[in-house]
Amino acid sequence: ILILCNFFIEKVFGNSYLLGNQIVFFLAVDCILDSIQIPIVSFNNGTGLFKQENQVCIVGAVLNIFCSILFVQKYGIAGVLLGTVISQILYWGLRSIVLYKFCLEEMQSIFRYFAQSIKYLFTLAVSVLLSYKWFAIIGEKNFIVAFVLGGIICEISFLVSFFLIWKNDKYIVEVWNIIRKRCGNVFANFK
């Protein structure tokens, strides 16, 4: 979304329909935070923690309204989205606490979960920065070619970022070993 959204809108609809960079950024962050919460919400609801989920939703909604009203006056639509992102962070934190406290009964593990989640978000941030740099190199080419190459660049930059940041993680090493066994000598010299 961050890399290709305004490029697509500009080429298809023209400059007058472009979104501000802050708006695109906050929309992308909102999508990411929403995606992170889907398994947590499903698990909490599946285990019958409706009361706790409702309490989290009420607190998050109040914060969203407050922050959106506060920031809309200074930042416009981007301020409303900033309020939404702030409330999404609160939703994520509170829902995670509910999950670890009531379902998993392992509150000490929540710090490891948040640390790993921050590492995932850092990986995503690095891949976005790489994508920006690499997409800028493409320049103004044919729209379809540039758009497809932009998508490929985004995927490759994420894979490169993920591998560089997570290469020593025990689970990634395990998956990599399975792939190397299945593919034989193709990856034998790559370490």
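User: Where does Arg95 lie, and why is Arg95 called buried?
Analyst: Arg95 lies in helix α4, which spans residues 77–103. Please keep in mind that this is a predicted model. The relative accessibility of Arg95 is 10%, and buried means under 20%, so Arg95 counts as buried.

User: What makes the link between the side chains of Arg95 and Gln37 a polar contact?
Analyst: The distance between them is 2.5 Å. The cut-off for a pair of N or O atoms is within 3.5 Å, so the Arg95 and Gln37 side chains are joined by a polar contact. Arg95 has a polar contact with the side chain of Glu53 as well, at 2.7 Å.

User: Which residues does Arg95 touch, not counting residues up to four places away in sequence?
Analyst: Gln37 and Glu53 are on that list, together with Ile40, Val41, Asn44, Val56 and Cys57.

User: Let's go to Ser161. How do you know that Ser161 is buried?
Analyst: Ser161 has a relative accessibility of 2%. You can find Ser161 in helix α6, residues 143–166.

User: What does the side chain of Ser161 reach?
Analyst: It reaches the backbone nitrogen of Ser127, at 3.3 Å. Leaving aside neighbours within four places in sequence, Ser161 is in contact with Thr123, Val126, Ser127 and Leu130.

User: And Ser157: is it buried or exposed?
Analyst: Ser157 is buried, because its relative accessibility is 0% and the cut-off is under 20%. Ser157 is also found in helix α6. Not counting residues up to four places away in sequence, Ser157 touches Ser127, Leu130, Ser131 and Trp134.

User: Now for the helices. Which two values describe a packed pair?
Analyst: Two packed helices are described by the angle between their axes and the distance between the axes.

User: Then why is α5 called oblique to α6?
Analyst: The axes of α5, residues 109–138, and α6 come within 8 Å and cross at roughly 140 degrees. That makes α5 oblique to α6, because roughly antiparallel would need an angle over 145 degrees, while roughly perpendicular covers 65 to 115. The crossing of α5 and α6 is right-handed. By class, their contact has 18 nonpolar, 7 polar and 1 charged residues.

User: What makes α1 roughly antiparallel to α6?
Analyst: Helix α1, residues 5–13, packs against α6 at an angle of about 165 degrees, with the axes 11 Å apart. Angles over 145 count as roughly antiparallel, so that is the term for α1 and α6. The crossing of α1 and α6 is left-handed.

User: Which residues meet between α1 and α6?
Analyst: Phe7, Phe8, Lys11 and Val12 in α1 meet Phe143, Ala146 and Phe147 in α6. By class, the contact has 6 nonpolar, no polar and 1 charged residues. Lys counts as charged, so Lys11 is the charged residue here.

User: What about α2 and α5: how do their axes cross?
Analyst: The axes of α2, residues 21–46, and α5 come within 12 Å and cross at roughly 145 degrees. This crossing is right-handed. In α2, Ile32, Ile36 and Ile40 meet Tyr113, Leu121 and Leu124 in α5.

User: How do the residues of that contact of α2 with α5 divide by class?
Analyst: There are 6 nonpolar, no polar and no charged residues.

Key. Residues numbered from 1 in each chain as written. Predicted model: local features only at pLDDT ≥ 70, side-chain atom pairs only at ≥ 80, totals over all residues. Heavy atoms only, no water. Helix = DSSP H or I, 4+ residues; strand = E, 2+ residues; numbered from the N terminus. Buried < 20%, exposed > 50% of the residue type's maximum accessible area, 1.4 Å probe, protein only. Contact = heavy atoms within 4.5 Å. Polar contact = N/O pair within 3.5 Å; in protein donor to acceptor, adjacent residues only side chain to side chain. Axes fitted to C-alpha atoms, helices over the stretch in contact; angles between N-to-C directions. Parallel < 35°, antiparallel > 145°, perpendicular 65-115°, else oblique. Left-handed = near helix turned anticlockwise from the far one by under 90°.
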